[in-house]
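Keep the model open while reading.

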Amino acid sequence: ASAGGGGMAGGCRLLLLGLLAGLGRAAAPPGGMLYPRDTPSRERKELGGLWSFRADFSPGRDAGFAQRWYRRPLRQTGPVIDMPVPSSFNDITQDPSLENYVGWVWYEKEVLLPLRWLQDNLNTRVVLRFGSAHYYSIVWVNGVQVVEHEGGHLPFEADISSIVQGSPGIPCRITVALNNTLTPHTLPPGSIQYMNDKTRYPKNYFVQNIRFDFFNYAGIHRPVVLYTTPSVYIDDITVTTTSSESVAMVQYQVSVVGSTLYSLSLSLRDQEGKVVATGDGPAGELKVLNPNLWWPYLMHENPGYRYSLEVKMQAQVNGALLEDVYTLPVGIRTVHVTSTQFLINGRPFYFHGVNKHEDADIRGKGLDWPLVVKDFNLLRWLGANSFRTSHYPYAEEIMDLCDAYGIVVIDECPGVGIKMPESFGNKSLQHHLVVMEELIRRDKNRPSVVMWSVANEPASELPPAAYYFKTVIAHTKALDPSRPVTFVTDANYALDRGAPYVDVICVNSYFSWYHDPGHLEVIPLQLTTQFENWYKTYQKPIIQSEYGADSVPGLHSDPPLMFSEEYQKAMLREYHSIFDKKRKEYVIGELIWNFADFMTNQGTTRVLGNKKGIFTRQRQPKSAAFVLRERYWKIANESSCLPPIIKSHSLFL
C-alpha cells in the first residue's frame, strides 16, 4: 500500500472528485484518435520539457478546486517546482511525501502559438493532445475547461480553437489537474483505507491499497502536443487486410468531420514510394499484386514491412478549397487461431518473448527515447520476437517501433488487480468496456498487434467473473473481429469462469518460487500437469504468459539457491525442457517474467523492487539473459526461411 496523508470523511469525497464523475459514460468519447503527424495540411508543436508543478497537500486534497488554481498562473497560487514532461513525478525530487503521494497534483505550461494558427479566416483547427496521464485528468486552457478523461495509458484530446484563436501574441496557458487515486471501479482497481487508530497513526492518515506488483507511478507520462488540421478534416481511418500468395486486399474506412460535402482519394505506396494501388470514397478495397507481407522478426529476412496509405480529402468551405492529408503506415498480414496453432500469414508462429514494464530509474513510467531504443536493441539481441504489454497499453511511440521492427504484441488493457468482488459490478464493467473501446481505437491499425488481452490475473474463479468476461470479450470482438482475444489467468483450470470465452489460453505459474519454493525438481511434473489439464478442458492453444524467479545480480550459489543468478538459470532450464515437449503439440508461446527488474511498493519480499528481470533495471544482463538468448536463437534457427546472416545472428553479437 502506498501511504500518504489525506482528509477524512468529507475530504475523501473531494479526494475522489472527478474519479466518480465520469464512470457513468456508456461509450468512449466519439471520434478517432489518429496519431499526430506533420503532413502538408497539418502541423504539430511538442510541449515536452519543464512544466510548473504543485501537489495539493491540503487535508482534503481540495484546495486547488476551492481556490480555483486554474483561473490564474499556477505560480500565483503558491510554491511551484519544475517538473519534466513526460515523466512520473514520484522519483524526481528528494521529497518522500511526493514519492508516495496520493491525490490531486497540478501541472501548468504556457506556450505561444504561431500566428498562422490563430487567424479564424484560415479555417484552422487547433487540438491539444495528451499521450496519457495517470489517472484522472481535467484540463483547462486559459481558465476554460476543455476536457476530462478517466484512466491512464491512453490518449485524449480537445479542440481548443475557439479559446486560442482571436488572441494572437497572448500565451496559451494549459493547466492540468491530475488524480492518481484508485478505487474499486477504476482500471486498475484499488481502495483507500483510512487508519483511524490515533494511537498508531497520525491524524488524517490513509493508504492507497493496490493488488498489483508494480509501483503506482503517476504524472504526465507521454508526449503532450498541439497540432492543427483544417476545419474539415480526416477524423479516423480503419484498415484491415487479407492476403494470398499473389494478391492482397486492403479494406479501408475513412471518416471526415466538418462537412458532408467532400471528396476522398487514397494512394498506397511501397517503401520505394511507388504507388501500388489507388482508391476513392469513404470506404472501399485496394488490390495489391505480389504484396510484401508484414512478417515478425526472425520469421522473414525483411520483417516489419509497411506500406504508406496516403489519404487526401478536399472540401469547399465558404468558397475556399480545404485540403487535408494524412499518411497511415499499413502492414499487410493475417492472423488465425486453430486448436493447436497461432498462424501469421498462414504460417505457424511461436511466441518466444518477454513481458515488460514501462519502468526505469528517475523517469518512472515517463517515455524516454534512449531507453526505448536500448530496449528494442536488447530484444533483438535476445532473439525475442514478441512481448505482452504487461499490464497496460504502452506508449504509441513504442508500438510504432514494434510495427517497424516486426515485434509481435499481445496488447493488454490496464485490467490488472481485479480481485475484489465489487470490481466485477456494472460500474466497473461499464468502465472496462470504455477502456477497450479507447484501446482498440488507438491500436486497431497496427500489424504488430495480433491479440487483445482484457485482463491480467483477475479473480476469475468468482461467480460474477463469468458474465463480466463474457461481456468484455464479446464487446472486444464486436469492436474488432479481426483479432483473437484473451486474458491472462493464474486461476485453477477447473474453476476459471472466464476461460471459456477466450481464443487462446494464457497461463501464469511460478513453480518452485511462489509454490514449493526452492524445489526445482517439482517443475517438470507440475508444469506438465498444468498444460495437460488446461488443454484437455478447453482444446485451445496455450501460451505460458509468465514464469520466472527473482535473482539479485552478483549473488551466486552452487548448488543453486533462491535469489541467486544460478537459481534463475536453473528454473528457466526446467521450464524449457517441458516447453520443448509441449510446443510440438499445443503450446504456442513462452514469455519470461520479466525483461528487466522494476520498481514495486515497499514490502518484505521486495528489495528495491521486483528482481525477476533477466536484465537489471539499468538494462545490464544477468546470467539468465544468455540462457534465454541461446534458446531463442535456436528456436528461430529452426525456421528454414531465414537467410544465413540472420541464422548466425552475427548482426546482434
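Leaving out residues up to four places away in sequence, F376 touches F387, I398, L401, C402, Y405 and I407, where contact means heavy atoms within 4.5 Å. F376 belongs to the largest nonpolar core, which has 91 residues; F376, F387 and F469 touch the most other members. A second, separate core has 48 residues, among them V288, M299, V335 and F342. A nonpolar core here is a set of buried Ala, Val, Leu, Ile, Met, Phe, Trp, Tyr and Cys residues joined through side-chain atoms within 4.5 Å. Buried means under 20% relative accessible area, exposed over 50%, and partly exposed in between (1.4 Å probe, protein chains only).

This is a predicted model: local features need pLDDT of at least 70 and side-chain atom pairs count only at pLDDT 80 or more, while totals for chains, interfaces and linings use all residues. Residues are numbered from 1 along each chain as its sequence is written, and side-chain values use heavy atoms, with hydrogens and water left out.

The UniProt annotation "domain: Glycoside hydrolase family 2 catalytic", from an unreviewed entry, covers residues 335-636; such annotations may be inferred rather than shown by experiment. This span is 35% helix and 16% strand, and its end C-alpha atoms lie 19 Å apart. Helices (H or I, at least four residues) and strands (E, at least two) are DSSP runs, numbered from the N terminus.

G417 sits in the loop between β26 (408-412) and α7 (426-443). G417 is buried, with a relative accessible area of 2%. Beyond four places in sequence, G417 touches P189, R211 and N456. G417 and A455 are 38 residues apart in sequence, yet their C-alpha atoms are 8.5 Å apart in space.

Another loop, between β12 (205-210) and β13 (224-230), holds H221. H221 is also buried, at 1% relative accessible area. Its side chain makes a polar contact of 2.7 Å with the side chain of S88 and reaches the backbone oxygen of A218 at 3.5 Å. A polar contact is a pair of N or O atoms within 3.5 Å; within protein, one must be able to donate a hydrogen and the other to accept it, and residues adjacent in sequence count only if both atoms are side-chain atoms. Beyond four places in sequence, the contacts of H221 include P86, S132, H134 and K365.
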